[in-house]
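Trainee: I would like to learn how to read a protein model. Could you walk me through one, a feature at a time?

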Amino acid sequence: MRKKCRYSYHSQVFAKILNFFLLSTFLLSMACENGSRINDLSQDSSPIGFHFSEECSEGSLEACEVFELVNTERLRHGLTALIPYKSCRDSSQFHAQDMDQRHFFDHDSPTETWQDRLIRFQVTGRSIGENIVDTRTPASAISLWMNSPPHRENILNPNFTHSGMGYYNGFWVQCFAENPYEYL
């Protein structure tokens, strides 16, 4: 009788790093095949809109990881990856910190609706959505969202083209927008 093999923690971390590396390599090779140079990747030159460095350079590593996990889910379902959107990221980061510091958990804060917050941060788009979750790890954040129909619908909405992620002390916020630059 065979024993069931359980992965150690280090094996799981290695597998995540390997998956990230393979996905990164694939996406960069796709960009290069289309004539783009790696250091010239921008919102307009990337064939599928996946931008690791822009989202990760100013956000937390945790937010970056969930942003990438969301894009992995979208790619797995045949959708394009979301393009980082600074206004969404700034709004999401503010809201994550606000929920922690004022001890609430809701799309609306005690002093403004989520729509008012998005307007204040100049988030634009034909349609806009937001996911929030209170959990400790990137894996649990994506798992909870993918197992919740309204959150999953936002993640897999083919109309959403741009996104921004915020994380603070266990609070995750992701803002989604459809073609925001058409409405500036």
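**Reading the core, the sheet and the rings**

Mentor: Let's begin with the largest nonpolar core, which has 18 residues; Val66, Val70, Leu82, Trp145, Ile155, Met165 and Trp172 are those with the most contacts inside it. A nonpolar core is a set of buried Ala, Val, Leu, Ile, Met, Phe, Trp, Tyr and Cys residues joined through side-chain atoms within 4.5 Å. Buried means under 20% relative accessible area, exposed over 50%, and partly exposed in between (1.4 Å probe, protein chains only). Please keep in mind that this is a predicted model, where local features need pLDDT of at least 70, side-chain atom pairs count only at pLDDT 80 or more, and totals for chains, interfaces and linings use all residues. Residues are numbered from 1 along each chain as its sequence is written, and side-chain values use heavy atoms, with hydrogens and water left out.

Trainee: Which residues of helix α6 are buried?

Mentor: In α6 (residues 138-146), they are Pro138, Ala141, Ile142, Trp145 and Met146. Viewed down the helix axis, the buried residues of α6 fall within an arc of 120° (taken from the directions from the axis to the C-beta atoms), so they line one face of the helix. They pack against α3 (61-76), β2, α7 (149-155), β3 (162-168) and β4 (171-177), with contact meaning heavy atoms within 4.5 Å.

Trainee: How do I read the sheet?

Mentor: Strands of a sheet pair through backbone hydrogen bonds, either parallel or antiparallel. Here four strands form an open sheet in the order β1-β3-β4-β2, with mixed pairing; two strands pair if DSSP finds at least two bridges between them. β1 (83-84) and β2 stand at the edges with a single partner strand each, so one side of each has no neighbour in the sheet. The pairing of β1 with β3 is parallel, over two bridges, and Ile83 stands opposite His162 in β3.

Trainee: How many aromatic pairs does the structure hold?

Mentor: Five. Rings of Phe, Tyr and Trp (its six-membered ring) pair if their centres lie within 6.5 Å; planes under 30 degrees apart count as stacked, over 60 as edge-to-face and the rest as tilted. Phe94 and Phe121 form a tilted pair, 5.5 Å centre to centre with 45° between the planes.
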